[in-house]
Amino acid sequence: MGKEIFYFLIFPGLLFSGIVGGFLSWFDRKITARVQFRQGPPLLQPLYDFIKLLTKETLIPKRGSQLTFLIAPILALFGAVISSVFVLLPLFGIKTGFLGDLIVIIYLLNIPSLSYMIGALASGNPLAAVGASREMKLILSYEVPFLLVLISIIIKSEMSIKLSEIIAFQTANGAFIGSISGVIGFIVVLMCIQAKLGLVPFDMAEGEGEICDGITIEFSGTTYALVTLAKYIMLFVLPALVVALFFAGMNFEGINILWSILKVVLVVLLVTLVRNTNPRVRIDQAMRFFWIWMNLLAVVSIILAILGL
Amino acid sequence: MGFKEKCFKKSLWVFHMSAGSCNNCDIEILDCLTPKFDIERFGMKLVGSIRHADVLLVTGIVTRKLLPRIKEVYDQAPKPIVVIAIGACACTGGMFKDSYTFKGPLDTVIPVDAYVPGCPPKPEAMLAGVVKFLNKK
């Protein structure tokens with residue numbers, strides 16, 4: 001029991017993934033600044049933001065469901081931390097997990113987005129409702145290609161639905177990114193990550209200019225600090241999951257530790273570069289993009305995986 | 001200076017409100033985000049919602065239409081909040097002080113922490129105003 005609490009709160013749960021996620025968020029902002037020929041924020045910026053938000057006044061909307069509004073950020077953080085535990089334990093080789101944990105991870109990765117939606121709808125703000133409806137449509141769009149790519153990975157790893165077995169298969173037979181279907185699947189998953197994290201070009205749920213931060217509009221002070229922390233953690237968990245699914249996981253022996261860290265940073269770098277080179281699309285364009293083009297690519301990836309390419 | 005104050009000063013999130021300005025000050029505010037001035041070096045960034053803001057930048061004379069709105073926006077902001085009046089109009093009323101729509105200046109409506117005069121003020125002047133205020137505090 002004590003071990004599980006340690007896993008959940010310290011390593012690789014709340015504390016560790018929060019710190020690494022904060023660092024990755026700084027990295028994301030710094031790369032954005034360098035792309036735009038700016039200097040960028042200092043290294044401790046995510047910490048300053050988080051502490052400042054924790055110490056500020058928390059406002060609760062008078063209309064709407066106040067209890068649900070306050071529970072939603074806690075639920076989001078909870079989902080992010082639990083998914084980080086389930087992804088990182090097999091990835092670091094601490095525990096092997098259980099049969100079918102890949103399916104549990106798919107469900108858990110959705111909890112943060114769902115909680116933002118619940119919080120936004122509970123706040124009673126019309127702009128938040130618009131943001132929540134866009135987020136809902138976005139979830140419906142990106143979930144199908146994401147699941148299809150996971151099916152292609154399951155086929156490639158000879159019908160294994162256990163994350164540690166998928167990693168072990170890749171260490172024995174080479175990473176999936178080395179095959180054609182793996183490359184196609186990686187492109188699709190990169191786009192799905194972009195939408196899951198709510199980054200440009202798929203940030204229409206929190207468009208600053210048009211609907212004033214959308215789903216997070218009513219969160220202030222401590223509640224927004226928890227939302228920010230959940231976002232930091234998701235920025236670490238999703239690239240870590242991609243590393244586990246496509247780049248043969250991590251290895252902590254000698255010089256390999258550097259290579260393992262570089263894999264995560266590389267995925268975050270790709271996400272940041274996609275975010276910096278694209279404008280925001282409308283929600284109908286995003287749905288068309290995922291439902292037609294990304295689904296097509298994912299099906300091609302499945303067919304190639306069945307053919308053994 | 002405690003750690004809490006340091007965090008507050010190091011991560012000022014700015015919300016910009018126009019109280020009937022001619023758009024000139026607003027363009028100069030956006031200039032602060034460009035590569036030449038780059039206020040993100042100091043942790044400042046523009047946010048879309050007043051609920052996330054630490055600094056309320058107000059430009060323009062306070063017109064009759066916007067008087068109740070600006071009071072409401074100030075009430076909606078989580079405290080502590082820093083209010084900065086940008087431009088001659090927000091500071092004194094400027095050339096519009098005899099206008100029939102003029103209900104300002106800003107410090108008669110909400111408490112103002114810092115004034116940045118000019119028509120429009122340069123981005124350097126805005127940064128200098130914020131820095132002077134933070135050093136005094």
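Begin where the two chains meet: the contact draws 25 residues from chain A and 17 residues from chain B, two residues being in contact if their C-beta atoms, placed from the backbone, lie within 7 Å. This is a predicted model, in which local features need pLDDT of at least 70 and side-chain atom pairs count only at pLDDT 80 or more, while totals for chains, interfaces and linings use all residues. Residues are numbered from 1 along each chain as its sequence is written, and chains are lettered from A and ligands numbered from 1 in the order in which they are written.

Now select chain B by itself and colour it by secondary structure, which comes to five helices and five strands; here helices (H or I, at least four residues) and strands (E, at least two) are DSSP runs, numbered from the N terminus. Followed along the sequence, the pattern of chain B reads α-β-α-β-β-α-β-α-β-α.

Next, select strand β4 of chain B, residues 82-86, where five of the five residues are buried, meaning that 20 or more other C-beta atoms, placed from the backbone, lie within 10 Å of a residue's own. B:Val82, B:Ile84 and B:Ile86 point one way from β4(B), whereas B:Val83 and B:Ala85 point the other way.

Notes:
A residue is buried if 20 or more other C-beta atoms lie within 10 Å of its own, exposed if 12 or fewer, and partly exposed in between; C-beta atoms are placed from the backbone.
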